[in-house]
Every structure is written in C-alpha cells, then in structure tokens.
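Open the model in your viewer and switch to a cartoon view. Keep the sequence panel at hand for the selections below.

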Amino acid sequence: MKTLQQQLGTYGLYHRSKRNVLTHFFGIPLIVFAVLCLLARIQIPIGSLLIDGAQLFVFASVVYYLMLSVSLGLIMGVLFTLLLLAAQPIAAMAFWPWLSIGVGVFVFGWVQQFIGHYYEGKKPAFVDDLIGLIIGPLYVTVEFLFLMGFYKTLEGEVNAIAGPAKA
C-alpha cells in the first residue's frame, strides 16, 4: 500500500492549477454527498442490524483513511459522517425526488471536476488509477488544511512529489 505522502503526491500531479483545486473544493464534496444519497437506499441486513450502503461506504472509506493517517482519518470520519447525516433525509424521500436529487448533484459535481481539469489541461487522476476516486476527498481536505496553515510538513512532502502549484 502506498503511503499517505505517495497517495497525495500522485493525486497532486493532476491538480497543480489553483483553479482546478478550487473547483474540486466544491465538486468533490457534492459527488460524495450524491453517492451517499444514492447508496443510503440500499439496505443490508447484518445479523439483527440493518445498515445501508452509505454507512458501509463511509465505514470502509474511513478505515482506509485511518490506515493512511490517524489524525486525517478522524477528520475524514467527521466530515463523511456529517455528509451521511445530510444524505439520510434525501434517501428517505419518495423515489423520483430522491433519484433526481442524487443524480442531479452527482452530475453537477462532475461538471465542476471537468471544468477544473479543463483549466488544468490534464485528465482526472482516476483515469490512470481508480484509487484517485477515494483519494480525492482526502486531497481536498488536506489542501484546505494546508491553506489554514496546518500539516506544513505533509504539505512539503506532497509538493516534493507533485511539484509547485501554479496560478
């Protein structure tokens, strides 16, 4: 398994334009939210428990993030849980409103992504490595934390791999 620095640095190679990263600040959370809205309708009985697909997705994602970094995994756990809580009422809607919102937000989020990659002049990272789909939410979170002045050592390690950001 790649280290946190390797995962973020590799993902960062596709995201050096500040305009691209900005579109990802909006697009990626929208995509995650939409996926959670859609997955929350899938009911999975486990013994006497009934969990949904969104809960399973959040659990698996957070376990992966925790394996990369305990502190960032905990932050991602809080963020994903908040998105999950917001998605649950959408999943409880009637079929057509649920599907319209879920698919609409998903498509809008991806439009944001592709606009950003137009500015970047590069394809999305997941085209070359599907793990980019799960690293994207972590990447935008750490980019936000970098802007806030946190994780300076990690920022230097990621930039050593990905190179400097460009305007």
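**Stop one: the hairpin**

Select β1 and β2: they form a hairpin with two residues between them. In the turn, Gly-47 has a positive phi of about 60°. Bear in mind that you are looking at a predicted model.

Now colour the two strands separately. β1 covers residues 43-46 and β2 residues 49-52. Their pairing is antiparallel, over four bridges. Show Gln-43 next; across from it, in β2, stands Asp-52.

**Stop two: helix α5**

Move on to residues 95-120, which make up helix α5. How far apart are its end C-alpha atoms? They are 37 Å apart. With 26 residues at 1.5 Å a residue, the helix should span 38 Å, so the two values agree.

Buried residues here include Trp-98, Val-105, Trp-110, Gln-112, Gln-113, His-117 and Glu-120. Glycines are on the buried list too: Gly-102, Gly-109 and Gly-116.

What covers these buried residues? Select α2 (18-39), α4 (70-91) and α6 (132-147), which are among the covering elements.

**Stop three: the salt bridge**

Finish at α7, residues 152-162. Show Lys-152 and Glu-155: they form a salt bridge, with the closest N and O atoms 3.2 Å apart. The two residues are three apart in the helix, so about one helical turn separates them. Is Lys-152 buried or exposed? Its relative accessible area is 52%, so Lys-152 is exposed. A search of the whole structure finds one salt bridge.

How values were computed. Residues numbered from 1 in each chain as written. Predicted model: local features only at pLDDT ≥ 70, side-chain atom pairs only at ≥ 80, totals over all residues. Heavy atoms only, no water. Expected span 1.5 Å × (residues − 1). Buried < 20%, exposed > 50% of the residue type's maximum accessible area, 1.4 Å probe, protein only. Contact = heavy atoms within 4.5 Å. Salt bridge = Lys/Arg side-chain N within 4 Å of Asp/Glu carboxyl O. Pairing = 2+ DSSP bridges.
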